[in-house]
Amino acid sequence: SPGITFQRLVRTEQGLPVKNYQSSTVTVLLLNRSEVQSEFLSIAEKLSSSEPPQHSTLVLLLEHLYQANFGTRCDLDRLHALLKSKPLEELSELYASAADAQEAAATSSDSDPALARERLQAVLRDIAGAASFPAITGEAQPRKLHSIPIPPARCYTYSWDQDNFGESGGL
C-alpha cells in the first residue's frame with residue numbers, strides 16, 4: 001500500500017488511533033540530569049511542550065495519503081486548502097476511513113497487489129467525492145509532487161528528584 005510506512009510512523013509517533021489497527025510506541029529515555037548537557041535537556045523540554053496540533057497532523061497525513069496513491073493526478077494545493085478549512089471532528093472521520101482502507105489494502109496485497117491498490121484508490125476516490133475534495137484526474141497533471149515532512153514525534157518529559165529504583169515497591 002503506497003505510503004503506509006510513513007502513515008504508520010506518523011500515526012504511532014503522534015498517538016493517533018485507527019480502528020482495528022491501534023498500536024502505540026513509547027520510547028523512554030532515563031537520564032540523570034547531572035550527566036546530560038543542558039542543550040539536550042532544553043531541546044527535550046521544548047519538544048515536550050510544543051507538539052503539533054492534531055488538526056495539522058491530520059491534514060498532513062491526508063495530503064500524504066492522496067499524493068502517495070495518486071501522485072500529480074491529485075491537486076495537493078487545493079486539497080490542502082480544503083482540508084485546512086474542515087473541523088477537527090470531520091478530519092478525524094475522513095482520516096480514519098482513509099487509513100482503514102489503506103490498512104485493509106496492505107493486509108490484502110499479499111494475494112494480488114494490483115487489485116488491492118485498485119480497491120484502495122476506489123475507496124479514496126469515494127471518500128474524496130463525499131468530502132468535496134478536488135477532482136482526481138485520470139492522467140498526471142503538469143504539477144510537482146510536494147515534499148511532506150515528518151512532524152516531530154510527541155515527546156513527554158518527566159522529572160523526579162529522587163533515585164528510587166532500588167526501593168521496594170518502586171518501578
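**Stop one: α3 and α6**

Select L65, Y66, A68, N69 and F70 in α3, and you will find them meeting R117, L120, Q121, L124, R125, I127 and A128 in α6. Contact here means heavy atoms within 4.5 Å, and helices are DSSP runs (H or I, at least four residues) numbered from the N terminus. The residues of this contact divide into 8 nonpolar, 2 polar and 2 charged. In that count, Ala, Val, Leu, Ile, Met, Phe, Trp, Tyr, Cys and Pro are nonpolar, Asp, Glu, Lys and Arg are charged, and the others, Gly among them, are polar.

A note on what is on screen: this is a predicted model, where local features need pLDDT of at least 70 and side-chain atom pairs count only at pLDDT 80 or more, while totals for chains, interfaces and linings use all residues. Numbering starts from 1 along each chain as its sequence is written, and side-chain values use heavy atoms, with hydrogens and water left out.

Now show α3 (residues 54–70) and α6 (residues 113–130) whole: their axes come within 11 Å and cross at roughly 135°. Axes are lines fitted to C-alpha atoms over the stretch in contact, and angles run from 0 to 180 degrees between N-to-C directions. That angle makes α3 oblique to α6; angles under 35 degrees count as roughly parallel, over 145 as roughly antiparallel, 65 to 115 as roughly perpendicular and the rest as oblique.

**Stop two: α5 and α6**

Which residues meet here? From α5 come L94, S97, A98, A101, Q102, A105 and S108, and from α6 A116, L120, V123, L124 and I127. By class, this contact has 9 nonpolar, 3 polar and no charged residues.

**Stop three: α1 and α5**

Stay with α5 (residues 88–108) and bring in α1 (residues 4–14): the pair packs at about 130°, axes 11 Å apart. That makes α1 oblique to α5. Highlight I4, Q7, R8 and R11 in α1, which meet Y95, A99, Q102, E103 and A106 in α5. These residues divide into 4 nonpolar, 2 polar and 3 charged.

Terms used. Helix = DSSP H or I, 4+ residues; strand = E, 2+ residues; numbered from the N terminus.
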